[in-house]
Structures are given as C-alpha cells and as structure tokens.
Amino acid sequence: MTDKILTEQNLVVRHSALELIEHWAIAISGLVLFLTGMFELPMSKRYYISSVPGLGWSSDYMTSLYLHYAAAIVFTAAAMFHLVYHGLRGEKGLLPQKGDFSESITVIKSLFGFGKEPPMNKYLPEQRLAYVGMAFIILMLIVSGLVKTYKNLYAPDMSLNVVLWATWIHNIFFILFFLAFLAHMAAIVLRPNWPMVRGIFTGKVRLDYARHRHSIWIAEIEPAPAVPPEIPFVAVEEAPPMKEEKAAIENMKEDDASSETINKYNEHNE
C-alpha cells in the first residue's frame, strides 16, 4: 500500500508515482488520439486549424495517421499495464461496490446543498462507476482500433462488413470518450472537489480535507494510537524487623509489663 499520512506536512499520499505516470500517459495519449482522429476526418483545413501557427501539419493526412498510431501504442500499453499490474496486486479500490449508484446520487445532491454527504472511502462512489464506464470505452476503442489498423497494414481486402462495424464502433466510442472527458473536467470544477486537483499532479491531498471527506479511508491507514504498557501489580511482603527494631520492640513490651505490675500493686495497697 502506497497510502501514507504525512502529519507534519498536513498531507496524505493518495496516488503513487507509478499511478500518476499511468494516469498522464493515458490522458495525454488520449488527447493526441482525439485531435489526430479529428484531423483525419478531415477537419483541420475545413475549420482553418491548419492556419494556426505550428499546426500546419494537421492538414496532412499521413502525418496525422502516424501520430495517431504512435499515440495509440502509448494509450494501449498504459491501459494494459494498468489492468495487469493492479490486477495482479489485487487492488480493488476503484471497482464498483454494492450501493454505489444510490450513494452517488446522495453525493451529487450534497454538492448542490441538498442533504449531507456520507463518510467516504478513498474513492467516491461516482468515481468507481465512472472508472468502469471509462474502462469499457477504452476497451472498445482499443479493439476496434486494432481491427482498423490490421486492415490498413496487413489486410486491405478485409471484409467490408467487418471494417464498417469496426469503424462505427470506433466512432461511437470516440464520441463517448470525449463526453466522459468533459464529465471528468466538469467534476473538477465543482468546489468540493478542488482539493483533489492537487493529487492529480503531486499524488498528495490535504490531510484535513481527507479526514473530513474520506474519513473511512483515513481510519484504515491511520496508525492506532500507542497504548502505554500495563505495569503488573507485585505484592510487596513486609520486611522483617531489623535487630535494633527488635530490641526496641522488646523494651517497649517490658516497659508495658512493668507499668501493668505497678498499677496492680497500687490497686492492692489501696
């Protein structure tokens, strides 16, 4: 587990360096795929994008295609690494849980002042639902993209029906990917989510924020307070009297006996 509380800095580690690399590799390569896919339609010259300084290459179909392939390699590799690496480690924090849909509605309502947000774990319920949705979109983009690439590079005579299906699937999930990206950006704009932006860049969020909103997660990783060891009770036996004490005790007894004898003699004479 990479989660770690840095009390002195008022921070908690939410994402490891490797997780940040995965996130940004998918995000940046996905953005390049989106732009180069648009340029291939073609849209660059039609909407005067190629006239923007530094984007003259965008009207060249082959340049956009090669960039699209290069970004696709990074995109696919990062997605597969994420799946295999975290799957082998048994990390399930982002997988949906029972009640996520209803809880996500409660959370969204609380963001707009309706009701109170319940205590949360490391990830919000809507984040877990969005994760699965995005994973499915990415899977369909990769599969359909591989079919189209195989056709372009190795099988130009591939069945027309297969090519059409792959193209339609690729285009539909291309739009869904863009909409999911917009939803992701919209979630960041909401004020209660602002403290999480820091975690996207540094992997750390404020500890006081995490205690307030992700109390279940913090309770799981926060070390238990140290309990002082119990001191066992030892019965102390009374020490035997020393020689001097013994002599003093004997003298006191003799004095008491003498006093008693004198008192009895006086009583008798009276």
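Phe75 is buried in this predicted model, at 4% relative accessibility. The Phe75 ring pairs with that of Phe177. The ring centres lie 6.0 Å apart and the planes stand at 80°, so the pair is edge-to-face. Phe75 belongs to helix 2 and Phe177 to helix 5, and the two are 102 residues apart. Phe177 also counts as buried, at 14% relative accessibility.

Both phenylalanines belong to the largest nonpolar core, which has 12 residues. Its other members include Ile26, Leu33, Ala71, Ile137, Leu141 and Phe173. Helix 1 (17-39), helix 2 (61-88), helix 4 (125-153) and helix 5 (160-189) each supply at least two of the core residues.

The structure holds 8 aromatic pairs. One of them joins Phe39 and Trp57 in an edge-to-face arrangement, at 5.6 Å centre to centre and 75° between the planes. Phe39 sits in helix 1, whereas Trp57 sits in the loop between helix 1 and helix 2. The two residues are 18 positions apart. Phe39 is buried, with a relative accessible area of 8%. Trp57 is partly exposed, at 31%. Ring pairs also link Phe34, Phe174 and Phe178 into a cluster.

Phe178 is a residue of helix 5. At 30% relative accessibility, Phe178 counts as partly exposed. Phe178 also contributes to a nonpolar surface patch. Leu160, Leu164, Trp168, Ile172 and Met185 are among the other patch residues. Together the patch residues have about 1,000 Å² of accessible area.

The whole structure contains 6 salt bridges. One joins the side chains of Lys122 and Asp3, with an N to O distance of 2.9 Å. Lys122 is in the loop between helix 3 (100-111) and helix 4, and Asp3 is in the segment before strand 1 (4-6). These partners are 119 residues apart. Lys122 is buried, at 11% relative accessibility. Asp3 is likewise buried, at 14%.

A salt bridge also forms between Asp100 and Arg128, whose closest N and O atoms are 2.7 Å apart. Asp100 lies in helix 3 and Arg128 in helix 4, 28 residues apart. Both residues are buried.

In a further salt bridge, Glu222 pairs with Arg211, the closest N and O atoms being 2.7 Å apart. Glu222 lies in the loop between helix 8 (215-221) and helix 9 (243-269), and Arg211 lies in helix 7 (residues 207-213), so the bridge ties together parts 11 residues apart in sequence. Glu222 is partly exposed, with a relative accessible area of 32%. Arg211 is partly exposed as well, at 35%.

The protein chain comprises 9 helices and 3 strands. From the N terminus, the order of elements is β-β-α-α-α-α-α-α-β-α-α-α. Buried residues account for 26% of the 270 residues in the chain. Among contacts with a separation of 6 or more, 68% involve residues 24 or more positions apart. The accessible surface of the chain comes to about 19,100 Å². Carbon and sulfur atoms contribute 67% of that surface.

Technical notes: Residues are numbered from 1 along each chain as its sequence is written. This is a predicted model: local features need pLDDT of at least 70, side-chain atom pairs count only at pLDDT 80 or more; totals for chains, interfaces and linings use all residues. Side-chain values use heavy atoms; hydrogens and water are left out. A nonpolar core is a set of buried Ala, Val, Leu, Ile, Met, Phe, Trp, Tyr and Cys residues joined through side-chain atoms within 4.5 Å. Buried means under 20% relative accessible area, exposed over 50%, partly exposed in between (1.4 Å probe, protein chains only). Helices (H or I, at least four residues) and strands (E, at least two) are DSSP runs, numbered from the N terminus. Patches are made of residues with over 30% relative accessible area and no salt bridge: like charges are joined within 9 Å, nonpolar side chains (Val, Leu, Ile, Met, Phe, Trp, Tyr) within 5 Å. Accessible areas come from the Shrake-Rupley method with a 1.4 Å probe; for residues, only the protein chains shown count as cover. A salt bridge is a side-chain nitrogen of Lys or Arg within 4 Å of a carboxyl oxygen of Asp or Glu. Rings of Phe, Tyr and Trp (its six-membered ring) pair if their centres lie within 6.5 Å; planes under 30 degrees apart count as stacked, over 60 as edge-to-face and the rest as tilted. Contact means heavy atoms within 4.5 Å.
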